[in-house]
Amino acid sequence: FTCDTPNEVVVLQGNATKEILKTANKLQADLVILGRKKVSDSVLSTRIALRSPCSLLLVPEKSQIKLDNVFVPIDFSDYSHLSLKTALSITEGRKSNVFLQNVYNVPSSYRYSGKTFEQFAEIMKEHASKDLGALLKQVETADQKLSPVYTLDKTGHIMKLVYAEAKKKKADLIVMGAKGKTIASAILIGSKSERMIRINDEIPLLMIRKKGAVTGLLDAFKEL
């Protein structure tokens, strides 16, 4: 294995999760890259993602990092905004297809609106389209092709819908925030992100976390 990037091999003894996190924190790493076996139960990946002090790239075995088709789930949270900016940054200068998926649903209160489920679903989609348009005005694009994707959620299994659409679009990379809109976003990984780690064993996954979001909190986790 050879590359132009300066590198150093460090062999450590002990608990894998604890040593990886300790080293990442010590080096003030910007990114942790972790390989995954397809037969993995995802425990190590989830533990690292849960407590990582920075962004995390999970690379399934036998996969290749390409940037032809990049897939970004968008829920209009600060983290999805950061994910979009990251996706555009890493594809700058490339003619990449960047798919922006918003999964929307119909609130149960639609019954009191006098409209059918289908009519209210169209209203929700229009709102999502307007919100995405406003979000895109806040970022700069180069040669990338941006393709919005709107998916109606009828089951509550959002990450299954995201993963299925990413596979349908033949995504080379999924870029998503470590958290969504929940109040604990500065501390722990979101349940949706954790779910994506568990069901996705084929597509490289770049999980964006604001660097230092959990700095100083690692000591709070004595049992990994």
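With which residue does Lys167 form a salt bridge? In this predicted model, the partner of Lys167 is Glu202, and the closest N and O atoms of the pair are 3.5 Å apart. Lys167 lies in helix 5, whereas Glu202 belongs to the loop between helix 6 (191-199) and strand 7 (205-208), so that the contact ties together parts that are 35 residues apart in sequence. Lys167 counts as partly exposed at 39% relative accessibility, and Glu202 is likewise partly exposed, with a value of 39%.

Side chains of opposite charge can pair when their charged atoms come close, and the count for this model comes to 5 salt bridges. Among them is the pair formed by Asp172 and Lys66, for which the closest N and O atoms are 3.9 Å apart. Asp172 is located in the loop between helix 5 (158-168) and strand 6 (173-177), and Lys66 in the loop between strand 2 (55-60) and strand 3 (69-73), so this pair ties together parts that are 106 residues apart in sequence. Asp172 is buried, with a relative accessible area of 11%, while Lys66 is partly exposed at 39% relative accessibility.

The side chains of Arg198 and Glu194 meet at a distance of 3.0 Å, taken from N to O. Arg198 is partly exposed, its relative accessible area being 43%, and Glu194 also counts as partly exposed, at 26% relative accessibility.

Methods: Residues are numbered from 1 along each chain as its sequence is written. This is a predicted model: local features need pLDDT of at least 70, side-chain atom pairs count only at pLDDT 80 or more; totals for chains, interfaces and linings use all residues. Side-chain values use heavy atoms; hydrogens and water are left out. A salt bridge is a side-chain nitrogen of Lys or Arg within 4 Å of a carboxyl oxygen of Asp or Glu. Helices (H or I, at least four residues) and strands (E, at least two) are DSSP runs, numbered from the N terminus. Buried means under 20% relative accessible area, exposed over 50%, partly exposed in between (1.4 Å probe, protein chains only).
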